[in-house]
Amino acid sequence: SIMSLPIDKIKVLHIASEMHPIVKKGGLGDVVGSLPKALRELGIDSRVFLPMYPSIDENVKRTFKRMPYKLYLPLEWRVFPAFLWKTDVQGVPVYLLEIEGVPFPADVYPSNLNLNTIKPFFLFSLAALELEKSARWHPQIFHLHDWPTSQVAIALKWHMYYSSFSKSYDTVLTIHNLAHQGIIQETDLMPWGISKEAFSIDGLEYYGMINLLKGGIIASDAITTVSPRYSWEIQTKEYGMGLDGVLKKYNSKLRGILNGIDYSYWNPMTDPFLPAHYDIDNISPKKECRKALLARCGWGEDHLPVLIYIGRLVEQKGIDLLLYSIESIVGHGCRLIVVGEGNEVYEQSLKEASAQFPANVFVKIGYDEELAHLMYAGGDMLIMPSYFEPCGLIQLIAMRYGTVPICRAVGGLADTVIDADTAHDGTGFLFSHYSSEALLHAIGRALGAWNSPELWNQIVRNCMSADFSWSRSSREYAKLYLELLGVSDFRSF
Ligand code: ADP
């Protein structure tokens, strides 16, 4: 039935495992920290539901208010009492769940999944369905993010008690990274109260195990990926991570919506981490940031191109290609600055490279927000040779700060970077083949452009005038919500 529902009547609860600045491990945290705010700017009542991690900063926790009504969550043969806490992040109401006697993992994600470590996430998903009793607020749409919250859709479809709630909610599942699927033993799922029919090939079953993301894909009303290109890449064997068949089968409810970044947080004109501020009308203070960055690495100022890498040190990000290329990068007279953490083998190899080339390579292992900001502003080029990339925010932030991305043409990287050798509005340099030769060839083309300052300035300006704020993408989500709610007239979008 077609009803007319004005946009300001839409109520959406984002259910997620991260939200910047309360808790962030990667891009998902940035998205949940900015999309709900952008939706509110359209008039949608969007709110966020998070686990109350013990590791949340005490000063942040002090701003939370405990809500009086207790929730009772069934699991196994018992009922777990739980509390909601409430806070406000830049105008976005945020609820957090604290379950008595069942703490969430200290490091956000459990390092291995078993009945014990998955339990808080099962209870969290049921709490989303109970939330309105305490919050006195009824969302029509649950917007789920990755496997830790896909269980909400699973519960609405297959839970012996909660499936009766399914008429009052629609669900959207956003896939931020298909590499993480939440795979557990069948026996781990038993105590959760899921009906027998869920244990099939058309349900949660996955090579004799249980796959929570697969269950979410089947059970959700709509699925999105964080870039259009990633939405069809994951339907192929090469990028499907074992779920390409399922995604192909359900592709009529799958679409890609490009992530944005929060332009008020990522702004070289106001960024409090920077020693100097700039925008497209006056780029020259970027040089001050560059100087400060070089000083931070123990280097004096000169005109060698500064290449940066920011991000997790994992296979997905193409660190192998970066490592194989370091000698040539140094040989070309470039500087390389890396901040990241992850795989120990990569961390060790990068440290060795900086010991071998102390005048050209600087490596900081760890998560360092301040250094990252200084690098975005002080760098000349960003290297992002990802094997796959669902969207990637780092190249978007780099462009905003006038740092030219050199990326592999996959997923969101291919959707957001325009090769400067093929278009006059180019913003970076792309390569396709997954090899260090291809990466070095792209770096070589970038250095060619760098050597002609007028051309380089144009590329930098193109980067800074590209628009990856949320304004466009938040409208696409709004359109999706209206579609789910049966509103067909959204010409105003
Ligand atoms: P991911 O695959 O990790 O989600 P994204 O490109 O989507 O990658 O987002 C990464 C986010 O995390 C960006 O905001 C980036 O600035 C930040 N980030 C990643 N690693 C680090 C680090 N070592 N120090 C500071 N910030 C980091």
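These legends go with close-up views of the ligand site and a pocket in a predicted model. Local features need pLDDT of at least 70, side-chain atom pairs count only at pLDDT 80 or more, and totals for chains, interfaces and linings use all residues. Residues are numbered from 1 along each chain as its sequence is written, and side-chain values use heavy atoms, with hydrogens and water left out.

View 1. The ligand is surrounded by 20 residues (a heavy atom within 4 Å), with G27, R312, K317, G366 and Y376 the closest. Sorted by class, that shell holds eight nonpolar, six polar and six charged residues (Ala, Val, Leu, Ile, Met, Phe, Trp, Tyr, Cys and Pro count as nonpolar, Asp, Glu, Lys and Arg as charged, the others, Gly among them, as polar).

View 2. A backbone N or O atom of G27 sits 2.6 Å from an oxygen atom of the ligand, and one of G366 is 2.9 Å from a ligand nitrogen atom.

**View 3. The second largest pocket.** Here 18 residues form the lining, and K287, D380, W450, W456 and N457 lie nearest the centre. By class, the lining has five nonpolar, six polar and seven charged residues.

How values were computed. A polar contact is a pair of N or O atoms within 3.5 Å; within protein, one must be able to donate a hydrogen and the other to accept it, and residues adjacent in sequence count only if both atoms are side-chain atoms. On a 1 Å grid over the protein atoms alone, a cavity is a set of points where a 1.4 Å probe fits but cannot get out, and a pocket is an open set with protein on both sides within 12 Å along at least five of seven lines; lining residues have an atom within 4 Å of a point.
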